[in-house]
Amino acid sequence: MVRIQTGLPLAEELVAVAASASGMLLTHVTVAETLKLITSAAKLSLPAAIGAGVTLLDANAHKTSTAFSDAVVERVDLAQYKLEQGPCLSAWATAETVVVNDIAQDTRWPLWSRAVSSLAVAASISAPLLSTGGEAFGAVKVYSNRTGSFDDRSRQILELLAAQAAVLILNAQTRENAERLSDDLQHALRTRDLIGMAKGLIMARHGVDEEGAIRHLIKESANSHLPLRTVSLGIIEAAAAQRS
Amino acid sequence: MPRDDEDPQLRELQRVLPLAKLTVGELWLKYFALGGSAGRFEIEAYLSSAHLLPPLERDLVAQAVNEHFMDLSVDVRVPYSSSLEPGEGESPK
């Protein structure tokens, strides 16, 4: 029985991958660069700011990536995630902007207020980053060294900025995922090539059909505990060595 | 095609798949790399016993999962179809 496959298999899957990959060519801004950009924009847009930061969180409130304009922001922020409490986590959990007029006097996050009491921060404002579905996936925050620095106007500005930032971040993430997928696909196609070559060699050598050849390779892989790619490479290299 | 819930290969695959921590998309790409020709949707349906695959395609799915376990140094293997047993499966020389 001869079972040769003709035509390109899985055209649909490959088209989808190619389409998502071509979007990357437009711009190459990474998630990390986007976060840095947002951080400086946030700091500049509120005059009372001494520093700003962005944090992305997964569904379990675990930090996935982060950017800071100043070292003090990093320390204040780290304390939140270590203690698992603080205004940014609240902004993320409630999907609402959180303003803290006086960090030392505020009673909502007692452990965090105490932990940062020695640092030069007195007030903060944190706006959630929302996906199109309205789910929070992180927060933008700005700190000040004067109490009562942030009012309704600051809230408006930061929320506008957060809305723009969310779009930028989601786009950058989509691009990075497409890039990763394209790397994985290249590796998969190369593996498929190598296995195809080895199949052909086995068919010629053992007079078997395509199915017999792949079964031969699988058996060899099971016996040697090596993946098909490695087994195939061995067969191809041996054949190449014979020729030379 | 009739459902084949009694297929021991599929039963074992369904049992160990959670250990592999692979998404269907990741598993499909590995299977595709090995020369598999079924689409991602067919693989998903096969894993949930809603679709039958030819023995060779099933063995390539098993191989993809087994290679992942090799990578993880986990000593778990999905069995191959009976036509892979010694003395069978290979066409006459």
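A residue is buried if 20 or more other C-beta atoms lie within 10 Å of its own. A:Ala52 has 26 C-beta neighbours inside 10 Å, so A:Ala52 counts as buried. The structure described here is a predicted model. Chain A contains 8 helices and 5 strands, while chain B contains 4 helices and 0 strands.

- Chain A has 244 residues, and buried residues make up 35% of them.
- Along its sequence, chain A follows the pattern α-α-β-β-α-α-β-α-β-β-α-α-α.
- Among the contacts in chain A with a separation of 6 or more, 60% are between residues 24 or more positions apart.
- Chain B has 93 residues, of which 34% count as buried.
- The pattern of chain B, read along the sequence, is α-α-α-α.
- In chain B, residues 24 or more positions apart account for 59% of the contacts with a separation of 6 or more.

**The sheet in chain A**

- The 5 strands of chain A form an open sheet in the order 2-1-5-4-3, and the pairing is antiparallel.
- Strand 2 (63-68) and strand 3 (98-100) of chain A are the edge strands, so called because each pairs on one side only.
- On average, neighbouring strands of this sheet are turned by 15° against each other, direction ignored.
- In general, strands of a sheet pair through backbone hydrogen bonds, either parallel or antiparallel.

**Strand 1 and its partners**

- Strand 1 of chain A covers residues 51-57 and is joined to strand 2 of chain A by 5 bridges, with the two strands running antiparallel.
- Across this pairing, A:Val54 stands opposite A:Ala67, and A:Leu56 has A:Ser65 as its bridge partner.
- The hairpin of strand 1 and strand 2 of chain A has 5 residues between the strands, and A:Ala61 in this hairpin takes a positive phi near 65°.
- Strand 1 also pairs with strand 5 of chain A, in the antiparallel sense and over 6 bridges.
- In strand 5 of chain A, A:Ala139 is the bridge partner of A:Thr55.
- Of the 7 residues of strand 1 of chain A, 6 are buried, so the strand is largely enclosed by the rest of the structure.

- A:Ala52 lies in strand 1 of chain A.
- Leaving out residues up to four places away in sequence, A:Ala52 touches A:Thr39, A:Ala42, A:Lys43, A:Ser69, A:Val73, A:Lys141 and A:Val142.
- A:Ala52 and A:Ala71 are 19 residues apart in sequence, and their C-alpha atoms are 9.9 Å apart in space.

- Helix 3 (residues 71-83) of chain A lies across strand 1, strand 2 and strand 5 of chain A.
- Helix 3 runs at about 35° to strand 1 of chain A.

**Helix 6 of chain A**

- Helix 6 (residues 152-206) of chain A has 55 residues, which at 1.5 Å a residue should span 81 Å; its end C-alpha atoms are 79 Å apart, which agrees.
- After helix 6 of chain A comes A:Gly207, whose phi is positive, near 60°.
- The axes of helix 2 and helix 6 of chain A come within 9 Å and cross at roughly 170°.
- Angles over 145 degrees count as roughly antiparallel, and helix 2 and helix 6 of chain A are therefore roughly antiparallel to each other.
- Residues that make this contact include A:Ile38, A:Ala41 and A:Ala42 of helix 2 of chain A, and A:Leu158, A:Leu161 and A:Ala165 of helix 6 of chain A.

**Nonpolar cores**

- In soluble globular proteins, nonpolar side chains tend to be buried together.
- The largest nonpolar core has 43 residues, and those touching the most other members are A:Leu129, A:Val140, A:Val142, A:Leu158, A:Ala162 and A:Ala165.
- Helix 6 of chain A gives the most to this core, with 7 residues.
- A second, separate core of 32 residues includes A:Ile202, A:Ile214, A:Leu217 and B:Leu60.
- Leaving out residues up to four places away in sequence, A:Leu158 touches A:Ala42, A:Leu46, A:Thr97, A:Ile125, A:Ala127, A:Val140 and A:Val142.

Notes: Residues are numbered from 1 along each chain as its sequence is written. Chains are lettered from A and ligands numbered from 1 in the order in which they are written. This is a predicted model: local features need pLDDT of at least 70, side-chain atom pairs count only at pLDDT 80 or more; totals for chains, interfaces and linings use all residues. Axes are lines fitted to C-alpha atoms, for helices over the stretch in contact, and angles run from 0 to 180 degrees between N-to-C directions. Two residues are in contact if their C-beta atoms, placed from the backbone, lie within 7 Å. The expected span of a helix is 1.5 Å times one less than its number of residues. A residue is buried if 20 or more other C-beta atoms lie within 10 Å of its own, exposed if 12 or fewer, and partly exposed in between; C-beta atoms are placed from the backbone. A nonpolar core is a set of buried Ala, Val, Leu, Ile, Met, Phe, Trp, Tyr and Cys residues joined through C-beta atoms within 7 Å. Angles under 35 degrees count as roughly parallel, over 145 as roughly antiparallel, 65 to 115 as roughly perpendicular and the rest as oblique.
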